[in-house]
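Please have the model open as you read.

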Amino acid sequence: VGEIPTQIALLTTVNMLQVSNNKLSGKIPSEIGLFGKMSEVNFHTNLFNCPLPSQFGLLSSLLQLSFHTCRFNGTIPSQLGFLSNVLILRFARNGFSGTLPSELGLLKNLTELTLDSNKLSSNVPSELFSLPSLRLIHLSDNEFSGRTSFPRNTVQIFCDYSGLEDSNCAQSERSREVETSEIVFLNPAIFITSTCIIVLMLISLLIIAFLTLKYRNHEYIK
């Protein structure tokens with residue numbers, strides 16, 4: 001609960017920072033950029049409600065940066081393009097807006113990029129299409145435009161409800177849930193028919209039970 005204190009800068013030898021699933025709020029101190037040995041930062045599921053500090057781009061040893069569900073806003077800092085060793089960036093379910101920085105195309109070791117459920121817009125930078133290590137990119141629930149050209153056989157793309165036109169998109173869980181609900185709504189005859197069948201089956205079972213009980217009573221009287 002509360003803000004991250006600036007004294008966090010004293011932990012210069014720490015190589016992993018895990019503060020997820022708390023109620024942290026306010027701004028992240030710029031001193032976070034002093035963690036030169038940090039390999040993993042996990043802040044997901046908090047209440048920061050502020051822009052993401054550009055100082056994260058100074059963490060040259062970083063391998064994983066996880067900030068999903070933190071209420072971050074503003075733009076994604078272009079300085080993240082300096083994270084030459086990073087493998088995973090998770091920024092889903094925030095309030096990021098504006099365009100994706102083309103500098104993310106410098107992350108040659110990046111394998112996973114999740115950006116779903118934000119307010120990102122404009123075209124996806126073409127620099128991302130040629131990232132050699134990328135295997136998963138999640139762009140769903142944004143306000144992008146245009147098309148993507150990710151390699152068909154090596155990258156799994158989720159971009160439903162993103163504004164993008166791409167026939168290679170895989171369905172996200174949200175898309176499958178929406179489609180299922182639409183099927184039920186658009187086909188009431190299926191629902192009514194199924195309900196009638198169940199009711200008839202229950203009536204049949206009640207009749208069988210009644211006849212069985214009547215037969216047993218008749219045998220008992222004999």
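The aromatic rings come to 10 pairs, where the rings of Phe, Tyr and Trp (its six-membered ring) pair if their centres lie within 6.5 Å, and planes under 30 degrees apart count as stacked, over 60 as edge-to-face and the rest as tilted. Strands here are DSSP runs of E with at least two residues, as helices are runs of H or I with at least four, and both are numbered from the N terminus. Ring pairs also gather F43, F48, F56, F67, F72, F91 and F96 into a cluster.

Before going further, a word on the ground rules. This is a predicted model, in which local features need pLDDT of at least 70 and side-chain atom pairs count only at pLDDT 80 or more, while totals for chains, interfaces and linings use all residues. Residues are numbered from 1 along each chain as its sequence is written, and side-chain values use heavy atoms, leaving out hydrogens and water.

Are F43 and F56 buried or exposed? F43 counts as buried because its relative accessibility is 0%, and F56 is buried with a relative accessible area of 0%. The cut-offs are under 20% relative accessible area for buried, over 50% for exposed, and partly exposed in between, using a 1.4 Å probe and protein chains only.

Now look at H44, which lies in the loop between β2 (40-42) and β3 (64-66). H44 is buried, because its relative accessible area is 14%. Which residues does H44 touch, not counting those up to four places away in sequence? They are S20, N21, S66, F67, H68, T69 and C70, where contact means heavy atoms within 4.5 Å. The side chain of H44 also makes a polar contact with the side chain of T45, at 2.8 Å. A polar contact is a pair of N or O atoms within 3.5 Å; within protein, one must be able to donate a hydrogen and the other to accept it, and residues adjacent in sequence count only if both atoms are side-chain atoms.

One of the residues that H44 touches, C70, leads us to the cysteines. The model has 0 disulfides, a disulfide being a pair of cysteine sulfur atoms within 2.5 Å. For C70, the nearest cysteine sulfur is that of C50, 9.0 Å away. C70 counts as buried, at 0% relative accessibility, whereas C196 is partly exposed, with a relative accessible area of 41%.

Next, the sheet. In what order do the strands of the open sheet of 4 strands run? The order is β4-β6-β8-β10, with parallel pairing; two strands pair if DSSP finds at least two bridges between them. The edge strands are β4 (73-74) and β10 (143-144), each pairing on one side only. Strands of a sheet pair through backbone hydrogen bonds, either parallel or antiparallel.

β4 is joined to β6 (residues 95-98) by 2 bridges: N73 has G95 as its bridge partner, and G74 stands opposite F96. That F96 is also a member of the ring cluster. From β6, 2 bridges lead on to β8 (residues 119-122), again running parallel. Here S97 is partnered with K119, while G98 stands opposite L120. Finally, β8 and β10 pair in the parallel sense over 2 bridges, with S121 opposite E143.

R93, in the loop between β5 (88-90) and β6, has a positive phi of about 55 degrees although it is not a glycine. S117, found in the loop between β7 (112-114) and β8, has a positive phi as well, near 60 degrees, and is likewise a residue other than glycine. R93 is partly exposed, with a relative accessible area of 44%, and S117 is partly exposed at 26%.
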